[in-house]
Amino acid sequence: MSTETVNKDILRGGQFLVKETKCEDVFTPEDFSEEQRMMRDSAREFVDRELWAHWERFESKDYDYTEQCMKKAGELGLLGVAVPEDYDGLGMGFVSTMLVCDYISGATGSFSTAFGAHTGIGTMPISLYGNEEQKKKYVSKLATGEWMGAYCLTEPGAGSDANSGKTKAVLSEDGKHYSISGQKMWISNAGFCNLMIVFARIEDDKNITGFIVEYDPANPNGISLGDEEKKLGIHSSSTRQVFFNETKVPVENMLSERGNGFKIAMNALNVGRIKLAAACLDAQRRVINEATKYANERIQFKTPIVNFGAIKSKLAEMATNTYADESASYRAAKNIEDRIAIRQAEGNTHQEAELKGVEEYAIECSILKVAVSEDVQNCTDEGIQIFGGMGFSADTPMESAWRDARISRIYEGTNEINRMLAVGMLVKKAMKGHVDLLGPAMKVADELTGIPSFDTPDYSVLFSEEKEIIAKLKKVFLMVAGSAVQKFGPKLEEHQQLLMAAADILIEIYMAESAILRTEKNAKRFGEESQETQIAMSQLYLYNAVDIIIKKGKEAIVSFAEGDEQRMMLMGLKRFTKYANQPNVVELRTKIANKVSEENGYFLG
């Protein structure tokens, strides 16, 4: 990475809300290097050959085939993309790890879950928190696929409240090992793993502690597995309960320090959230491809159904959301990569730099997890609708895609938890002085009592009106969140419905801005004519975002403000969401759908 990139003043996490981002400063999928494009093509080739061509095997609960495919991915180096070369990984940057996660995850949720559990929460905690002896002993085996990893955090009574787990770790009298006893559930890869990251509580510690636990079925060491869970989707992802009965773990297998388990779990989830967003991207592309092919071939009333406006609307919205999701995911990934590089240049170790780099953008990670997981669910739902009755049949991949998509809104922290986290973390950053929310919020409050300008600006430059609207939407968030913080203070976290409404505003701002900045950057360097469809998608996404923000803004305002304050804020909401020139929505959708139909699928990536 160049010194210029390292030294440039990149925005800190959450600052997108209060500072303008220039399009030149965002990374887009069109910026992939030749090496990254080769990695993308390699992952796609593996998926087409080993996964997509055999999707029925994953639906028939062929756990052995999932394990076989994981081993093959290890042989190709795909399990070690994020692992440093010292431990037999490829040592690639954060964007490249996102890219592989994206393109390897689109064919089946079963493999996607196995891959994510192994490379993320199965391997990463040791890479980032393990000491040198632990990394040498375990990370190489995990990176090459010789061993498979699992992550044991969730318990019957401890889901979202991860730190409330009851599993115990008791130190032996000779001080040489811990005995772990307890029950874990929903453990991905449990049926074929060789190593587990296990969280347990020592004595009455406030926080849990992490341990590296080896597992050999021939010598179970007090470990037993429940039956494979019967699940709505991800049928060939091995998911079992794991029981520990005085399982002996050497003291040197404690991960990091005593009581540091909750921190490990939370930071692992930050990475997991943005990687989950990436894992939902190619699934959308493939659904769009299959739906478009079907719509082009299916004849009704003597014409392909793709020619009907109702179908065009669906394809356009599916493609638009995918485009925005790509734009935001890779924007955040590059911010994380740059922050890691800055910290390494300042003398941080790889471990420290990556931990702090991801933690810096925890808000964006939560935003992406929510937005993209909900978009993939909507995309698969519309995919079924385009297929009609055939979409409901298990003989087509739409039905399994819809079921597999459903888990994305639950794991890595439910979407409800992530909505509240996004706003909560932003408020905490503001209180620490990392993001100046107070100053901009006060300016918005002053603006509400001022006389608005009635001048008609010159909107002849591409996206000049759209970018002005984005700036005004940020004022909506500052108005709503600023007033709520002022009213409730530290007790704001108790008002979950308000937090969720504010989160939806925040999410739509980030996603809409990301799409616009990507298109603006590409229009400047490739020409506006080449970006005609992308311009339409950016405009359509913003139009939809404005509608959501109007609804959620009004919901929040009428729920906590009264009298003159309420009237003033509702007037502000109307002012800050007003278009000077409303887009022709049907025209935008038609333009997008025609391009998708012409290319017989999603035409980017």
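Analyst: Here's a chat about some helices, cores, ring pairs and loops.

Analyst: First, this is a predicted model, where local features need pLDDT of at least 70, side-chain atom pairs count only at pLDDT 80 or more, and totals for chains, interfaces and linings use all residues. Residues are numbered from 1 along each chain as its sequence is written, and side-chain values use heavy atoms, with hydrogens and water left out.

User: Which residues of H2 are buried?

Analyst: They are Gln36, Met39, Arg40, Ala43, Phe46, Val47, Glu50 and Leu51. Buried means under 20% relative accessible area, exposed over 50%, and partly exposed in between (1.4 Å probe, protein chains only).

User: Where do they sit around the helix H2 axis?

Analyst: Looking down the axis of H2, the buried residues fall within an arc of 130°, so they line one face. The arc is taken from the directions from the helix axis to the C-beta atoms. An α-helix has 3.6 residues a turn, so residues three or four places apart point the same way. On the other side of H2, Glu34, Met38 and Glu45 are exposed.

User: What covers the buried residues of H2?

Analyst: The cover includes helices H3 (55-59), H4 (63-75), H5 (94-104), H6 (109-129) and H9 (281-297).

User: And helix H8, how much of it is buried?

Analyst: 16 of the 19 residues of H8 are buried, so H8 is largely enclosed by the rest of the structure.

User: Switching topic: how many residues are in the largest nonpolar core?

Analyst: That core has 170 residues, and those with the most contacts inside it are Phe111 and Met511. Its largest share, 15 residues, comes from helix H17 (residues 496-526). A nonpolar core is a set of buried Ala, Val, Leu, Ile, Met, Phe, Trp, Tyr and Cys residues joined through side-chain atoms within 4.5 Å.

User: What does phenylalanine 111 contact?

Analyst: Leaving aside neighbours within four places in sequence, Phe111 is in contact (heavy atoms within 4.5 Å) with residues including Phe46, Leu51, Phe58 and Ile104. A second, separate core of 20 residues includes Cys152, Phe211, Val249 and Met254.

User: OK, rings. How many aromatic pairs are there?

Analyst: The count comes to 14 aromatic pairs. Rings of Phe, Tyr and Trp (its six-membered ring) pair if their centres lie within 6.5 Å; planes under 30 degrees apart count as stacked, over 60 as edge-to-face and the rest as tilted.

User: Why is the pair of phenylalanine 488 and phenylalanine 560 called edge-to-face?

Analyst: Their ring centres are 6.4 Å apart and their planes are at 70°, so the pair is edge-to-face. Phe488 lies in helix H16 (residues 464-488) and Phe560 in helix H18 (residues 532-560), so the pair ties together parts 72 residues apart in sequence. Both Phe488 and Phe560 are buried.

User: Last one: where is glutamate 203?

Analyst: Glu203 is in the loop between strand S4 (195-202) and strand S5 (209-214). Its phi is near 50°, a positive value in a residue other than glycine. At 56% relative accessibility, Glu203 counts as exposed.

Key: Helices (H or I, at least four residues) and strands (E, at least two) are DSSP runs, numbered from the N terminus.
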